[in-house]
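The sequence and structure come first.

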Amino acid sequence: MPYVLLPNLSDPPFYPQTAGVWEDAKGKTGMDIFLRGLADSLKGTQNTDKVMGIDSIPDVWARPLFFQMALFSSKNFDENLRNKAVGEWRALLSILALNKIRRLNLEVIHIELDASGALGKDLIKLAPRNVSLITPPTNDLTLPWKDIYAITYDGKPLAITSPTTLVSPAADYAEDFAEDFTEGLKGPWKNDDILYLTDPLKNTKSPISEGEILALYAWLTDLKSELDKIVNNNVTDTIVSNALFALLGEYINDVQNVKGKAAGDVKIIDAGFNINIGVASCLGKTAESPSIPVGTAAAVGGQSISLLKTSTARAGSAPLIVFRKPLVRPGVQ
């Protein structure tokens with residue numbers, strides 16, 4: 001079922017004087033009056049602190065690009081929307097970092113866009129050009145977007161990988177995972193008072209444990225090390241690189257401030273995701289610590305975590321897994 005992409009109108013809404021009749025566009029009458037009336041009748045709000053996302057963009061790639069815009073644009077961008085994006089980004093990274101420790105049922109599915117099919121051909125045509133951390137070695141500027149990975153929980157898309165921001169949340173994830181966030185996916189990345197994912201360092205009701213802080217810090221520093229290798233071994237976009245490393249550096253510093261001088265036995269191991277293409281390859285690890293029993297209720301307010309077996313990735317071309325519920329709302333099924 002397609003979603004309505006049009007914004008709401010004020011009550012009562014503005015309508016032309018006569019339906020089905022072209023307006024006179026001369027001077028300050030006719031069309032000028034109609035367009036001004038229509039613009040003034042669009043229902044909006046100046047308060048964006050509770051905005052879930054931007055829906056009225058008919059492009060399947062709009063969500064990861066908007067997410068990139070929010071993360072990388074510290075100036076001339078709505079502060080509430082940027083803070084929301086940063087919180088979601090940090091939350092997704094922490095979910096990957098603590099995947100084994102929390103025994104999350106994460107599955108990563110490789111999506112290879114194939115131009116031989118109608119859907120794949122259209123998605124490649126719409127794919128961003130020359131927008132990625134790694135500059136393609138060929139003239140195909142859409143190459144980094146042809147291989148992406150869907151990160152799913154219990155068969156539902158939670159996020160996808162992005163050639164610019166590493167990860168980007170799926171559309172409607174807050175609605176799809178409302179029940180999971182109180183059960184198997186419960187953790188410091190979800191505040192009960194807020195619908196969407198938030199910075200795990202700021203959750204006072206279900207605070208992240210000291211052991212998990214150590215694991216997160218180790219995972220983030222390893223992630224930075226892997227990104228350093230990618231930058232050193234490839235031609236990269238300086239603007240994207242600087243913005244991504246600044247964002248990651250701020251996260252590492254904030255975690256380190258919480259961690260203090262505490263130390264622990266944390267290992268960074270292969271997560272079994274089989275992520276091996278592009279910049280997303282640095283997300284294929286997870287943290288392990290013998291001091292944090294796997295699947296225990298560490299820092300989850302006494303609630304037990306479901307002991308779910310971590311699944312490995314299914315290789316292959318399966319774009320429909322992402323579009324079962326669209327990443328944005330273009331009516332693509």
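The model is predicted: local features need pLDDT of at least 70, side-chain atom pairs count only at pLDDT 80 or more, and totals for chains, interfaces and linings use all residues. Residues are numbered from 1 along each chain as its sequence is written, and side-chain values use heavy atoms, with hydrogens and water left out.

**Helix pair**

Helices (H or I, at least four residues) and strands (E, at least two) are DSSP runs numbered from the N terminus. Helix H6 (residues 210–233) packs with helix H7 (residues 238–259) at about 155 degrees, and their axes are 10 Å apart. Axes are lines fitted to C-alpha atoms, for helices over the stretch in contact, and angles run from 0 to 180 degrees between N-to-C directions. H6 and H7 are therefore roughly antiparallel (angles over 145 degrees). Their crossing is left-handed, that is, the near helix is turned anticlockwise from the far one by less than a right angle.

Contact means heavy atoms within 4.5 Å. Residues of H6 that meet H7 include Leu216, Leu220, Leu223 and Leu227, and the H7 side includes Leu244, Leu248, Tyr251 and Val255. By class, the contact of H6 with H7 has 15 nonpolar, three polar and three charged residues. Here Ala, Val, Leu, Ile, Met, Phe, Trp, Tyr, Cys and Pro count as nonpolar, Asp, Glu, Lys and Arg as charged, and the others, Gly among them, as polar.

**Aromatic pairs**

Searching the whole structure gives four aromatic pairs. Rings of Phe, Tyr and Trp (its six-membered ring) pair if their centres lie within 6.5 Å; planes under 30 degrees apart count as stacked, over 60 as edge-to-face and the rest as tilted. Two of the pairs are tabulated.

| Pair | Centre distance | Plane angle | Class |
|---|---|---|---|
| Tryptophan 61 and tryptophan 145 | 5.5 Å | 75 degrees | edge-to-face |
| Phenylalanine 177 and phenylalanine 181 | 6.0 Å | 35 degrees | tilted |

Tryptophan 61 lies in the loop between helix H1 (31–41) and helix H2 (62–72), and tryptophan 145 in the loop between helix H4 (118–126) and strand S2 (147–153), so the pair ties together parts 84 residues apart in sequence. Tryptophan 61 is buried at 2% relative accessible area, and tryptophan 145 is buried at 0%; buried means under 20% (1.4 Å probe, protein chains only). Phenylalanine 177 is buried at 0% and phenylalanine 181 at 2%. Tyr153, Phe177 and Phe181 form one aromatic cluster.

**Helix H2**

In H2, eight of eleven residues are buried, among them Arg63, Phe67 and Phe72. The buried residues of H2 pack against helix H3 (79–97), strand S3 (156–162), strand S4 (166–169) and H7.

Note on methods:
Angles under 35 degrees count as roughly parallel, over 145 as roughly antiparallel, 65 to 115 as roughly perpendicular and the rest as oblique. Buried means under 20% relative accessible area, exposed over 50%, partly exposed in between (1.4 Å probe, protein chains only).
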